[in-house]
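Please read these points with the model open beside you.

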Amino acid sequence: IGNNRRDYATLKKVYLKLKLSNPDIKLKLAGSKPGQVFFTDTPEVEFLPFLNDTEFKDLYRRASVLILPLLEGGSSQTVNEALSSGLPIVTNEFPNLSDYTKTDAVIKHLPGDYEKMANSCLTILNNRQDFLKKSLEGRKYIEKYEFQNIKSKLVKIYNNNLSLNIENKI
């Protein structure tokens, strides 16, 4: 998902390693038009240049894992979207991602380490129990950042510290 700071060279290596284990595996890249040049010899890789909100949600729901190799830190929005969809994530270790990835639903590896990234993907793909555990963990983790929960905390802080009587209604 997305194209900002994506490491397409590593993604291709991960994909090719996964494909050796499972020739039927599918790779779909949404909003990743710049990555097409890395996959010219893999016509089965599907590029989805634009998806509306409903299509994005559907893509996340149907996916088995988000593979997110990065050139540098960032992409918190993609991480948050995947977690809220219950999608396990395999990405890279970067300091500025640490606040978004403090959950067992996210597996982090050193940048460029396609072998370990692919092995983590295979663990998720080949072990239904591991997938379900990571999926539930991601949903549980991200719930504390959902709008209603954040709003409730802010209303409580305002009411307690500013002697206000704000109602917590949406």
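1. A salt bridge here is a side-chain nitrogen of Lys or Arg within 4 Å of a carboxyl oxygen of Asp or Glu. By that rule, the whole structure holds seven salt bridges. This is a predicted model, in which local features need pLDDT of at least 70 and side-chain atom pairs count only at pLDDT 80 or more, while totals for chains, interfaces and linings use all residues. Residues are numbered from 1 along each chain as its sequence is written, and side-chain values use heavy atoms, without hydrogens and water.

2. Glutamate 115 and lysine 17 join in a salt bridge of 3.2 Å, N to O. This pair links distant parts of the chain, helix α4 (residues 114-126) and helix α1 (residues 8-21), 98 residues apart. Helices (H or I, at least four residues) and strands (E, at least two) are DSSP runs, numbered from the N terminus.

3. Aspartate 58 and arginine 62 form a salt bridge, with the closest N and O atoms 2.8 Å apart. They are separated by about one helical turn because they sit four residues apart in helix α2 (residues 53-62). Arginine 62 is exposed at 51% relative accessibility, and aspartate 58 is partly exposed at 32%. (Buried means under 20% relative accessible area, exposed over 50%, partly exposed in between, with a 1.4 Å probe and protein chains only.)

4. In helix α5 (residues 128-143), aspartate 130 and lysine 134 are four residues apart. Their salt bridge has its closest N and O atoms 3.7 Å apart. Both aspartate 130 and lysine 134 are buried.
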